[in-house]
Amino acid sequence: MCINGLPKRIRMADLGCGPGPNTLLVVSHIMDTIKRLCKHEQLSQIEVFLNDLPGNDFNNLFKFVNERRELLDTCFIYGAPGSFYANLFPTNTLHFVYSSYSLHWLSQIPEGVGKKNKENIHMTMMSPPEVFEAYAEQFQRDFSSFLRIRGEEIIDSGRMVLTFIGRRFVDPSPNDGVINMFTPLAQILLHMVAQGIVKEEDLYSFNVPMYPPCMHEIEEIIRGEGSFSLEKMEVFEVPWDANVEDDIIFDKHRSGKIVAACVRAFIEPLLLSHFGPSLDLDGIFDIYAHKMGYHLAIERSSYFSPVISLLRKGSQN
């Protein structure tokens, strides 16, 4: 962007921003990078679009924005509610798109999974192959659609950086963190069915619409869709309890509570929507924290996190 001079206006978007202040840290880092790389040129006007589903608490988000006056002095920040699996912006308007830990969320629960995946709430080693296939096919459709739409909205040679929760292996493995993460929660709900607290048909129809892709799948979909070239891919392993350090004595109860709080943050709305507001979430996640603590005492599980950088192909490609 700096080689041929800066455009008068730079537009970028954070897709799946959430309601908290973390997205503003990303915006701040991007602003600092632009200033550092283009310090000899007049800084362009910068527009930042914060996107999430309409149910996101944008009021809370913009309270944080208002507290970051240094950002408001250098850029214009807007809310952009809507699904990123649909069009959000006019054609050829965005220069840079960023999405962190959002694209593993599917647009819907894969069709037919509930009847085939009884007593499970996600892909597990006990799930039949049809369940894994249904999840993979739904991700292929969603990610292809995402790339096609962003290809329309991003200018030629514009860029995207995407971070996923993924998995290590092409074939499902018990060593993949996300596959193990939901098993204790399914066990708790199944016990509640036996107690008559949760209806059996409600459990059987509940599946988490999340798919952790492997690197091969990501590369194949990018290549097949064709709007972007894959410039770079890096992979990180992130512990379930990222606060654990090697030189600190491990506390399974503390770690279990930390992991339970993280899982609750993203799955609580799904549980309430499906099972209703009477569900005892505090009790469920107290038991979940206990189970997680004992799991982590045996195995320090982590999840696989691919980060990719994409370049929008020119119209002549």
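Student: Why does C75 count as buried?
Tutor: C75 has a relative accessibility of 3%. Buried means under 20% relative accessible area, exposed over 50% and partly exposed in between (1.4 Å probe, protein chains only). A value of 3% is under 20%, so C75 counts as buried. Before we go on: this is a predicted model, in which local features need pLDDT of at least 70 and side-chain atom pairs count only at pLDDT 80 or more, while totals for chains, interfaces and linings use all residues. Residues are numbered from 1 along each chain as its sequence is written, and side-chain values use heavy atoms, with hydrogens and water left out.

Student: What makes C214 buried?
Tutor: Its relative accessible area is 1%, so C214 falls in the buried class.

Student: How many disulfides does the structure hold, and how do you know that for C75?
Tutor: The structure holds 0 disulfides. A disulfide is a covalent bond between the sulfur atoms of two cysteines; here the test is a pair of cysteine sulfur atoms within 2.5 Å. The closest cysteine sulfur to that of C75 belongs to C17, 14 Å away, so C75 is too far from it for a bond.

Student: Let's turn to the loops. Where is S102, and why does S102 count as buried?
Tutor: S102 sits in the loop between β4 and α4. Those labels come from DSSP runs, with helices (H or I, at least four residues) and strands (E, at least two) numbered from the N terminus. S102 has 7% relative accessibility, so S102 counts as buried. Its side chain reaches the backbone oxygen of G16 at 3.2 Å.

Student: Which residues does F84 touch?
Tutor: Leaving out residues up to four places away in sequence, F84 touches L15, G16, N51, S102, L103, F146 and R150; contact means heavy atoms within 4.5 Å. F84 lies in the loop between β3 (76-81) and β4. F84 and G16 are 68 residues apart in sequence, yet 7.7 Å apart in space, C-alpha to C-alpha. At 9% relative accessibility, F84 counts as buried.

Student: What makes the pair N120 and T124 a polar contact?
Tutor: Their side chains are 3.4 Å apart. A polar contact is a pair of N or O atoms within 3.5 Å; within protein, one must be able to donate a hydrogen and the other to accept it, and residues adjacent in sequence count only if both atoms are side-chain atoms. The distance of 3.4 Å is within 3.5 Å, so the pair counts. N120 is in the loop between α4 (113-116) and α5 (129-153).

Student: Which residues line the largest cavity?
Tutor: The lining is M12, A13, D14, V26, V27, I30, V48, F96 and Y98.

Student: And how much space lies in the largest pocket?
Tutor: About 1600 Å³. Among the 48 lining residues, S100, Y101, S102, W105 and F266 are closest to its centre. The helix α10 gives the most to this lining, with 9 residues.

Conventions:
1 Å grid on protein atoms, 1.4 Å probe; cavity = no way out; pocket = protein on both sides within 12 Å on 5 of 7 lines; lining within 4 Å. Points joined across faces, edges and corners; volume = space filled by probe spheres on them.
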